[in-house]
Amino acid sequence: MVKAFKSLNLSRIGVNLFIGLLAVFILGPLFWLGLHAFAVDWHYPNLYPSGFTMRWWSKVFLDSALATAIKNSLVISPIVVLISMVICLPAAYAAGRMNFFGRKAFMIGLFSANSFPKIGLFAAIATLYYALNLMETFAGVVIIQLLGTIIYMTWIPAAAFAAVPKNLEEAARDAGASKFTVFRTITLRLAMPGILVAIVMSFLASFDEAQGTYLVGAPGIFTMPTEMYSLVQNYPIQVAAVFSILLAIPSVLLLGLARKHIMGGQLAEGFQLK
Amino acid sequence: MISLLRNKNEEGSFTTKGEGPSLLGLGLSLPPLLIVLVFVGLPIFIGLTFSLGFTTGPNRVIAIIGQQIHKKNHWWGTFGAYNDVIHDSRFLGDLSLTIVVTVLSTTLVLLLALSIGLYQRLIGGRKAAVLVTLSIVPLFVPVVISAWAIHTFYSGDGFMRTLFSHMGINFPTLTSTPSAIVIGTVWTSLPFAILMISSGLQAIPDALIESAKDCGASAFRIVVNILIPLAKTPIIIAASFTSIGILGSFTIPFFLGPNQPTMLGVEISNFFGSYNRPQQSLVMAFIVFAIASGIAVAYVRSNIKSARESDRL
């Protein structure tokens, strides 16, 4: 890529200052909270805590409620992502590759369902959940988290499937490859980055989901984010800090896995209706 | 209309050999559609009837438990609960706070994303990569954590006040003020806007920029007359998703905002839970939905327009 304005007269100090401010704005809160996880105590206006300790970590790991929440999150989110894949990927393929009656309406319908305020939906869904006996059940929590993943799991892979060049597939077919081989080695492989991004985004959506999970899960089922709500109100800040670090680990791992594709435009591509 | 529905396959044909007819496509798209219809469409529909005073059938139990329930007095229902909400002074405060925060945060997010995206497109280099990477970070931090981290950062004994007190400056406590909501929503909304806008700007061919430059156009003119118009669709998508997300947000205003007035997302939850006024709570949800739908229409229209234009090219 040619950079047309390398010489553009932006003062270097200005750019560096901007980077510095953005770094403080974005990373500052995370570091500040993270440091508290190791602090004995921290009194305003001291720049340093009164000492460092690991005892908040053992407090978290020895608390059975917190451990259960961690376990629940690590079980529920992968299940949600798997179900979402099974339900949505065929639909994404159809939306990306086939023209069927109502295709556009299908994509827009998913979008408008997404623009109803989540908190209002969770208030409205209680009636249905009581009728179906889903309150405080594992299935109920899975479904509520599934709802937030559908838009990612259909839109992003649909764009990825649509972008696979048809002449590649046709050439492979002409060379004698079976339909299944073509799908597996060409279509699926080329669409893989998009699917990967969809998986990451869906996992994060499910793993992050707190409000709906709290409404239909509590007090029987707590996940890490819903536990966090009660933590910040009932425990010292250091415990919440430890828990935050634990809660961020899966996300950071996924960042490493999919950063290239997400920044490469797979996410952006998925949100342009075609 | 058919041309709008077309996939971007080069041959312009709808189906390749061996791929199924339209019925198969419809069939494959049914499972997510059914889930959304049953678990989003149906509750919203039942909620709508309840907000209009239909208190029998599925709404019987909630109508018994809830307080200040209006029962329908016409065949189509009643606007009693809507009247309650519109004349509630607390609601008006919440509504204006919600709108102000949404407009202000969306503007800030777009300005930030545009300046970073333009810097990356026109100048590039390592610094641009650092800026983009920094702005993507919030995507990978669960909202509960970001809200709590920002809460502690700007609180009375937080970092900002600590740092400035050592310089002899009394930095204001932002936590539990509307400013903190704006900070939090900008923080969480930035990644999506950056991804949309920067990929839109990157897709603009170099040749266009180069030739404009050769004709003597200034960087400013190129930005205003070429880059922004050509990236209009991704910018509108970023704007609509950001504003719809902020309108209905709960976690950020819940942790960071003042108790009163608060954003409608929090008030919906308060009315449903603490105040036990489910009908009024749903009315607010529908008001938020109405505003969001207005934004959604802009999004869909912009997409259809750009699909039409790219078809013509």
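Helix α4(A) passes helix α1(B) in a left-handed crossing, where left-handed denotes that the near helix is turned anticlockwise from the far one by less than a right angle, and right-handed that it is turned clockwise. The model is a predicted one, in which local features need pLDDT of at least 70 and side-chain atom pairs count only at pLDDT 80 or more, while totals for chains, interfaces and linings use all residues. Residues are numbered from 1 along each chain as its sequence is written, and chains are lettered from A and ligands numbered from 1 in the order in which they are written. Helices (H or I, at least four residues) and strands (E, at least two) are DSSP runs, numbered from the N terminus.

**Packing of α4(A) against α1(B)**

- Axes here are lines fitted to C-alpha atoms, for helices over the stretch in contact, and angles run from 0 to 180 degrees between N-to-C directions.
- On the α4(A) side the contact is made by A:R103, A:F106, A:G109, A:L110 and A:A113, and on the α1(B) side by B:G25, B:S29, B:P32, B:L33, B:V36, B:V40 and B:G41.
- Two residues are in contact if their C-beta atoms, placed from the backbone, lie within 7 Å.
- By class, the residues of this contact of α4(A) with α1(B) comprise 7 nonpolar, 4 polar and 1 charged; Ala, Val, Leu, Ile, Met, Phe, Trp, Tyr, Cys and Pro count as nonpolar, Asp, Glu, Lys and Arg as charged, and the others, Gly among them, as polar.

**The interface between the chains**

- In total, 99 residues of chain B are in contact with 94 residues of chain A.
- On the side of chain B that touches chain A, α1(B) gives the most, with 19 residues.
- That side of chain B divides into 61 nonpolar, 28 polar and 10 charged residues.

**Helix packing within chain A**

- The axes of α4(A) and α6(A), the latter formed by residues 138-162, come within 10 Å and cross at roughly 150°.
- That angle makes α4(A) roughly antiparallel to α6(A).
- The crossing in which α4(A) passes α6(A) is left-handed.
- A:L110, A:F111 and A:N114 of α4(A) make the contact with A:I150, A:I151 and A:T154 of α6(A).
- The residues of this contact of α4(A) with α6(A) are 4 nonpolar, 2 polar and no charged.
- Helix α3(A), residues 64-97, and α6(A) have axes that come within 7 Å and cross at roughly 35°.
- In contrast to the handedness noted above, α3(A) passes α6(A) in a right-handed crossing.
- The contact of α3(A) with α6(A) has 22 nonpolar, 5 polar and 1 charged residues.

**Overall architecture**

- Chain A has 12 helices and 0 strands, and its C-alpha trace spans about 70 × 65 × 35 Å along its principal axes.
- Chain B has 14 helices and 0 strands, and its C-alpha atoms fill a box of roughly 70 × 70 × 30 Å, taken along the principal axes.

**Local backbone features**

- Helix α11(A), residues 237-263, has 27 residues, but its end C-alpha atoms are only 34 Å apart, short of the 39 Å that a straight helix would reach at 1.5 Å a residue; the expected span is 1.5 Å times one less than the number of residues.
- A kink of about 55° in α11(A) is centred on A:L257, the bend at a residue being the angle between axes fitted to the seven residues ending there and the seven starting there.
- Just after α11(A), A:G265 takes a positive phi of about 105°.
- Most residues other than glycine have a negative phi, and most peptide bonds are trans.
- Phi of A:N133 is near 60°, a positive value in a residue other than glycine; A:N133 lies in the loop between α5 (118-131) and α6 of chain A.
- The peptide bond from B:Q260 to B:P261 is cis, with omega near -10°, and B:P261 is found in the loop between α12 (251-256) and α13 (264-272) of chain B.

Technical notes: Angles under 35 degrees count as roughly parallel, over 145 as roughly antiparallel, 65 to 115 as roughly perpendicular and the rest as oblique.
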